[in-house]
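Hello! Here is the structure I promised to pass on to you. Please open it first and then read my notes beside it.

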Amino acid sequence: MKSIYETLKQHSRLILLTFEVFWIVIFLLDRLGGGAGGVPTFVYVNF
Amino acid sequence: MLEFFSKITRHVPSTEFYSDLPFWGYFIAIVIAVRALPPRNSIRTILFLGANVLMLMALPRFSPTALLIYVGLAVFTYALGYLLSGDTVKTKRGRIACAVVGIVAVLFVLAVFKYRLVQELVIKDRSIFGRGAANFIFLIGISYSSFKAIHFIIESYKKSIKDLHFLDFLNYLLFFPSFVSGPINRYNDFYENSARARGSRLRDDFIPGLERIVHGLFKKFVITVILLPHTLVHMKTPVDHLPTWQIFLGLYTYALYFYFDFSGYTDLAIGSARLLGFNLPENFNLPFLKKNIQQLWANWHMSLTGWLTDYVYWPLVRKMRNMEMLRQHPLVISNLAIIITFFLCGAWHGERVNFIVWGLYHGVGIAAVNIYQKWKRRMRHPMVLKYFGSRLSYCVGVVLTFNFFALGLLFFFDAHEVASVLGRLF
């Protein structure tokens with residue numbers, strides 16, 4: 001158990017990045033398929 | 001000249017920064033071209049300037065006239081900086097006059113291209129701005145560029161600007177990753193932390209830069225897309241007909257949406273800048289986990305609050321300390337300076353009265369925290385002291401602060417909507 005925790009901790013950055021990339025790809029594919037609609041413009045662009 | 005830039009514009013397909021595919025195509029090409037040259041190569045500086053100009057021209061609402069205005073602003077600011085940094089103007093009075101004229105002129109440009117009322121008074125013929133310029137002309141990036149220019153003038157006055165060079169200054173002002181929405185970086189930091197100063201290569205900056213870009217894309221393409229439909233602005237039912245719990249949910253989601261959207265943008269700007277060999281300052285440090293509104297603001301849009309602290313708050317405090325009637329009241333001085341600073345912060349966000357009320361709301365909130373902190377320091381009861389140091393006190397603070405911030409977002413709505421929501425809540 002401790003070694004699993006240590007491994008997760010050691011690779012936390014990689015795990016986080018993989019998780020993020022996975023969901024970015026899913027949302028982009030969904031967007032391309034017309035499901036998610038357009039990406040909202042950045043809030044602070046018009047300030 | 002205008003025709004030349006118009007020709008360039010026609011050949012650059014427009015793109016929104018960070019959210020469109022063409023942007024990333026241009027960006028990769030620029031990174032490869034700029035980083036292929038040695039960091040201290042002067043051709044790299046020129047190439048980088050060309051890249052900055054082309055990227056700005058690719059912005060959908062950026063016209064050749066806008067570019068000329070920015071170049072004019074840069075020439076004017078740099079000339080003043082040059083005068084103030086050297087010994088050309090010898091008297092203190094002359095130096096102050098130069099700095100004041102510069103700051104007023106930059107603020108004038110900001111006011112003309114940010115506030116509709118000022119623009120209507122100043123510019124009669126808007127056709128010079130090209131197609132689609134019949135209505136109000138908002139100069140994209142002016143809020144941030146003007147603050148960078150003012151910073152440059154003030155620091156030149158203090159003679160603290162190092163390595164003054166026009167092309168470097170132009171690249172600083174037109175730096176495309178932070179041009180549209182910051183972070184508001186400082187001139188010296190920009191070059192002291194650059195790849196040119198560090199002598200770093202692309203392989204040193206590649207992983208950290210890419211990591212930030214992935215964080216930013218995740219916030220923008222995943223989290224904000226999930227949050228947006230649940231924000232108060234996007235709810236289909238009119239606010240009057242919403243149950244109270246849904247109004248709160250809409251406000252909380254709106255606050256989170258604001259955070260993820262803006263911090264996502266900042267991640268993308270910081271990551272992109274890093275790949276180009278520049279370090280931009282951080283803008284957010286977990287602001288919604290802070291226990292009072294003062295701390296929240298010290299960790300929210302940090303480059304703006306830092307700028308306002310250095311160039312508005314502290315000069316006001318120093319001025320007020322010289323006033324006989326205020327000298328003995330440091331808390332009054334601090335609170336007055338905070339309220340004025342946040343009033344200006346609100347005005348900077350937009351011309352509508354809502355923004356000013358929003359700024360005052362936060363200014364008064366921080367002033368109240370100041371008074372509360374003073375009262376807290378007088379507390380001697382062991383039970384109360386134990387509570388202040390406890391995790392419970394921290395959690396209560398975080399919840400109250402988040403609620404205060406979320407409620408403040410109501411001021412971004414129209415006045416009658418704000419009245420309607422407040423009527424439903426209280």
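In α15 of chain B, the buried residues are B:Ala337, B:Ile338, B:Thr341, B:Phe342, B:Cys345, B:Gly346 and B:Trp348. A residue counts as buried if 20 or more other C-beta atoms lie within 10 Å of its own, as exposed if 12 or fewer do, and as partly exposed in between, with the C-beta atoms placed from the backbone. Helices (H or I, at least four residues) and strands (E, at least two) are DSSP runs, numbered from the N terminus.

Before going on, please note that this is a predicted model: local features need pLDDT of at least 70 and side-chain atom pairs count only at pLDDT 80 or more, while totals for chains, interfaces and linings use all residues. Residues are numbered from 1 along each chain as its sequence is written, and chains are lettered from A and ligands numbered from 1 in the order in which they are written.

Back to α15(B), which runs over residues 330–349. Its 20 residues should span 28 Å at 1.5 Å a residue, and the end C-alpha atoms are 29 Å apart, which agrees. The expected span is 1.5 Å times one less than the number of residues. Among the elements that cover the buried residues of α15(B) are α7, α14 and α16 (353–378) of chain B.

Helix α16 of chain B holds B:Trp358. Is B:Trp358 buried or exposed? B:Trp358 is buried, because 21 other C-beta atoms lie within 10 Å. Leaving aside neighbours within four places in sequence, B:Trp358 is in contact with B:Gly346, B:Gly408, B:Phe411 and B:Phe412. Here, two residues are in contact if their C-beta atoms, placed from the backbone, lie within 7 Å. B:Trp358 and B:Phe342 are 16 residues apart in sequence, and their C-alpha atoms are 8.6 Å apart in space.

**Helix α5**

Helix α5 of chain B (residues 92–114) has 23 residues, and from its first C-alpha to its last it reaches 33 Å, close to the 33 Å expected at 1.5 Å a residue. Its buried residues are B:Cys98, B:Ala99, B:Gly102, B:Val106, B:Leu110, B:Phe113 and B:Lys114. They pack against α4 (64–85), α6 (116–122) and α7 (142–157) of chain B.

An α-helix has 3.6 residues a turn, so residues three or four places apart point the same way.

**Two helix pairs**

How do α4(B) and α8(B) lie to each other? The axes of α4(B) and α8(B) (residues 166–173) come within 10 Å and cross at roughly 130 degrees, and the two helices are therefore oblique to each other. Axes are lines fitted to C-alpha atoms, for helices over the stretch in contact, and angles run from 0 to 180 degrees between N-to-C directions. Angles under 35 degrees count as roughly parallel, over 145 as roughly antiparallel, 65 to 115 as roughly perpendicular and the rest as oblique.

On the α4(B) side, B:Tyr70, B:Ala74 and B:Tyr78 meet B:Phe166, B:Phe169, B:Leu170 and B:Leu173 of α8(B). This contact has 7 nonpolar, no polar and no charged residues. Ala, Val, Leu, Ile, Met, Phe, Trp, Tyr, Cys and Pro count as nonpolar, Asp, Glu, Lys and Arg as charged, and the others, Gly among them, as polar.

Look at B:Leu170 in α8(B). B:Leu170 counts as buried because it has 20 C-beta neighbours inside 10 Å. The C-alpha atoms of B:Leu170 and B:Tyr70 are separated by 9.2 Å, although the two are 100 residues apart along the chain.

The other pair is α2(B) and α3(B) (residues 42–57), with axes 10 Å apart and an angle of about 170 degrees. They are therefore roughly antiparallel.

**Loops and chain A**

B:Tyr18 lies in the loop between α1 (2–11) and α2 (21–36) of chain B, and has a positive phi of about 75 degrees although it is not a glycine. The peptide bond from B:Gly182 to B:Pro183 is cis, with omega near 5 degrees.

Finally, chain A has 2 helices and 0 strands. Of its 47 residues, 9% count as buried. The contact between the chains takes 16 residues from chain A and 22 residues from chain B.

Enjoy exploring!
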